[in-house]
Amino acid sequence: MALSTRPAKHLFTSESVSMGHPDKVADQISDAVLDSLIAKDPHARVACETLVTTGLIIIAGEVTVHTKAAEQALLDVEETARQTVKEIGYDDPAIGFDYRSCAVIRTLHSQSADISQGVTTGKGLHKEQGAGDQGLMFGFACNETKAKMPLPIHLSHRLVERMAVLREQGKVKWLRPDSKSQVTVEYNNGDPARLNTIVLSTQHTEDVIDPRTNNMSQKARQILIDQVAKPVIQAECPKLWSNKITFHINPTGRFVIGGPHGDTGLTGRKIIVDTYGGRGCHGGGAFSGKDPSKVDRSASYMARYVAKNVVAAGLASACEVQLAYAIGVAEPVSILIDTEGTGRVQDDVLAKIIRDVFPLTPSGIVKELNLLRPIYRETARNGHFGRTGRGFTWERTDKVAALKKAAAKYMK
């Protein structure tokens, strides 16, 4: 439902999960495998899925490589998985999942020749590299934060990110890797007006259990408010910090059993966390473990790039972009722009401008965003959008001038 159709005053909630959440462990392993292969063979075809559970990692999928170095990396997949688990923080057998003792099962085979025919340049029915699959992809941006992200998902990511920093730096020694956050924002006429509720749930050691209740102590709960929630909110949106925020800290009472020992994790099961927290639409395709010939991933990155540049150019306060592709076909079969009534240019005109300014074929996207690099594991935690760094090329706003120039004669 578009923002313009919502009540003037309403609540909206988004969640995030930490790097140690079992689904995110699976995502990071899949993307670590992708990175290890694409580093040795930029044109590797990779579709890697991972399952993690108590003492076990299963890696499955389709992989085709073209160099001896990449073949060796493929043989080293087990070590890649173990190293990833170690870096996440699962290094203690006592918590049921440990990088040294877990079993790793791999069932990887080559990509289908029928798919390859449509994707590889110069083969199949089309001369240019075609999309790796059919499907629809969405990108979104808005003016709610400096990162041009919706405030609820942006804050949710920063909260789990902060818990990880405190754990890794040893500042809160009883924290363990698995955690979740959730932020509810009250909106008034489309603008964030108040933080209504913040939920923090984190795995912890027995050290912070109150023996009288057998649950997390009130002191530990207050530490999470004071050292996680407060600094994040005061850094990101200081005017919204108040004593009227409702906090739910480990609302079940205790969270000692967690990670893959507490729940099975699967690649691609946190697609809303990975994108915009439920704000706008989602095409259904996951990202992690897929090389950039798969438009599920690369076209979603391009759609975000387009939307962010539209908002940064001042052409709209919010922008959602839909791209759709047919397998083996280079040009998108459709492009739709929705500025939710905030556009300074009609949406259909803006769609035509975007076709002229942005390359939207799979090969054009890969080249524009420089996607044939081992940049993907970092995207698999704390969100794929709204972040800066060498790999997040889709967060650039370098098309602003071109958009402004092209749109000038159509301005309302």
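1. A word on terms before we start: a cavity here is a set of grid points where a 1.4 Å probe fits but cannot get out. Please keep in mind that this is a predicted model. By this rule, two cavities of 30 Å³ or more turn up.

2. The largest cavity has a volume of about 70 Å³. Its lining is made of 13 residues, and those closest to the centre are Met137, Phe138, His282, Gly283 and Ser300. Two elements, β7 (135-142) and α9 (295-312), each give two or more residues to this lining, and β7 gives the most, with three. By class, the lining holds six nonpolar residues, six polar and one charged.

3. The second largest cavity holds about 50 Å³ of space. Among the residues lining this second cavity are Ser18, Met19, Val160, Arg167, Leu175 and Thr202. Here α5 and β8 are the elements that give two or more residues. The lining has six nonpolar, three polar and two charged residues.

4. Now to helix α6, residues 218-236: its 19 residues reach 26 Å from the first C-alpha to the last, close to the 27 Å expected. Do look at Ala229 as you follow the helix, where there is a kink of about 30°, shortly before Pro231.

5. Which residues of α6 are buried? They are Ala220, Arg221, Leu224, Ile225, Val228, Ala229, Val232 and Ile233. These buried residues pack against α5 (151-168), β8 (175-188), β9 (191-204), β11 (215-216) and β12 (246-249). As a reminder, residues three or four places apart in an α-helix point the same way, because there are 3.6 residues a turn.

Notes: Residues numbered from 1 in each chain as written. Predicted model: local features only at pLDDT ≥ 70, side-chain atom pairs only at ≥ 80, totals over all residues. Heavy atoms only, no water. Helix = DSSP H or I, 4+ residues; strand = E, 2+ residues; numbered from the N terminus. Expected span 1.5 Å × (residues − 1). Bend = angle between axes of the 7 residues up to and from the residue. Buried < 20%, exposed > 50% of the residue type's maximum accessible area, 1.4 Å probe, protein only. Contact = heavy atoms within 4.5 Å. 1 Å grid on protein atoms, 1.4 Å probe; cavity = no way out; pocket = protein on both sides within 12 Å on 5 of 7 lines; lining within 4 Å. Points joined across faces, edges and corners; volume = space filled by probe spheres on them. Nonpolar A, V, L, I, M, F, W, Y, C, P; charged D, E, K, R; others polar.
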